[in-house]
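Please read these comments with the coordinates open.

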Amino acid sequence: ENREAMLNSKSNRLTEALEEANKLFDGVCRAREAALDAQFLVIASNIGKEKANELHSEMSAFDSTAFAEDLLTFMGINRTEESDDPEDVPSGFLRSDAWQTMGEEAPKYFRRAPTFHYMMGSSKSEPPVPKQRIERQRKASRGKAERAMPAQLKKMEESHQETTEKEVERILRILQTHFENDPNTPISFFDFVIDPNSFAHTAENLFHVSFLLRDGLAKIKLDEDKLPVIEPTKPSGRGEEDSRAGERNQVVISLDEREWK
Amino acid sequence: QVSELVQFLLVKDQKKIPIKRIDMQKNVIGPGPACSEIINRAGRTLQEVFGLQLVEIDHKRHTYILINNLPRAEGEYLYRGKEKEKMGLLLIILSFIFMKGNSVKDGALWEFLNLLHVYPGKQHRVFGDVRKLVTEEFTRLKYLEITPIPLTDPPEFKYQWGPRAENETSKRDVLNFVAKIQGKDPTFWASQYSEASA
């Protein structure tokens, strides 16, 4: 029991325990008690050995209790404030976002490779990096990933593919429903794709909409104010191939987190 | 073939479990002399295109992990689920282990974590089964290495840094963390500081 307390180099508990055992032994007259005493000696000598190890240890004294207290302060439990605020939880409990605070600090100390997911591209898993060199890397990585993709299609999990298709279909349905209700008003493109709460989700929306455009299921035009609007294309038969070929334009829209805000 | 291997590694890394060379050979490259060359080239691609480093953490069993080689950016870190909180707990554990001499006994570690209201036997609001998280998940991902101490009854274990921890962070980083939390200069702990600077 209380090994850590005994091991604390500042404590004399081990010495006190030994002295007490010595005193008790004087009163011993039965074999069983002597055996207990022997057992105690074994444990005490083990602890003694550990303490000796700690003395030889190269490390400067590290007070883990103080460290723990400082951590709790960092995470948001501030002892001096508790008595003022009646709504505060009683001492000994951490606020619910305590570990979130820790979670904001911790990643700075790790060089963890972001996990790679097709749907999310690089906006969700990598931090936004302003350097030019790295921007080029990200674009190159997307290109390479797509080139290697056909070879791996058989091996990669199908669930990623299916989810993308479902998402694209869902977005098409939303677009079509809006149009059924209001056939002559195309939706502002930006209103359609931008999610005011999530930049990552906005990027996803752009990604899915690009599929609709590629397949000719939706089209983008410029309205009177030269702002892009999006509308679904009317379902057409096989003879429409000329219009498909004619109307394709490549547009690059760049949207970074600052602009999005 | 190199790009196939790159794809394979990126997907396998999602789980953060070390990747075995045998798996690479079974699924992507055949066995044979070309194997190492392909792995090397894949490593170069990962570095140049993604800024990721392919590190062999076990030279006997040939297992590899991916770590991030880009300079740390100031921005927000976007991780899914409870990744960030887990990294917080992990950082604290790694700090404790280092400051205590690079190896601690399980009893000592849990006694310390109790001070932070983290108990092995109790379901934690954020981490759930903490004992499982620490002894199973962190070791599977190679952040921690837990070895039994011989001749102990009941069996005791010692906790040390695992190879992924060695590669993804450093003693210096961890010492800086401790110094920051305690409001002291890292040189306050002279021996740890000199070990971290070695």
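The points below start with conventions and then go through the contacts.

1. This is a predicted model, in which local features need pLDDT of at least 70 and side-chain atom pairs count only at pLDDT 80 or more, while totals for chains, interfaces and linings use all residues. Residues are numbered from 1 along each chain as its sequence is written, chains are lettered from A and ligands numbered from 1 in the order in which they are written, and side-chain values use heavy atoms, without hydrogens or water.

2. Over all chains, the search gives 9 aromatic pairs. Rings of Phe, Tyr and Trp (its six-membered ring) pair if their centres lie within 6.5 Å; planes under 30 degrees apart are stacked, over 60 edge-to-face, and the rest tilted. One pair is A:F62 with B:W189, edge-to-face at 6.5 Å between centres and 65 degrees between planes. This pair crosses between chains: A:F62 is in the loop between helix 3 (31–56) and helix 4 (64–75) of chain A, and B:W189 is in the loop between helix 8 (171–182) and helix 9 (190–197) of chain B. Helices (H or I, at least four residues) and strands (E, at least two) are DSSP runs, numbered from the N terminus. Both A:F62 and B:W189 are buried, meaning under 20% relative accessible area with a 1.4 Å probe, protein chains only.

3. The pair A:W99 and B:F127 is edge-to-face because the ring centres are 4.9 Å apart and the planes stand at 75 degrees. A:W99 belongs to helix 6 (residues 98–105) of chain A and B:F127 to the loop between strand 5 (123–124) and strand 6 (128–129) of chain B, so this pair also joins two chains. A:W99 and B:F127 are both buried.

4. Chain B contributes an open sheet of 3 strands, in the order 4-8-7 with antiparallel pairing; two strands pair if DSSP finds at least two bridges between them. Strand 4 (104–105) and strand 7 (144–149) of chain B each have a single partner strand, so one side of each lacks a neighbour in the sheet. Strand 7 and strand 8 (residues 156–161) of chain B are joined by 6 bridges, and B:I146 has B:Y159 as its bridge partner.

5. The largest nonpolar core has 51 residues, among which B:L89 and B:L116 touch the most other members. Such a core is a set of buried Ala, Val, Leu, Ile, Met, Phe, Trp, Tyr and Cys residues joined through side-chain atoms within 4.5 Å. Helix 4 of chain B supplies the largest share of this core, 11 residues. A second, separate core of 22 residues includes B:I19, B:V28, B:L52 and B:Y64.

Definitions and conventions
Buried means under 20% relative accessible area, exposed over 50%, partly exposed in between (1.4 Å probe, protein chains only).
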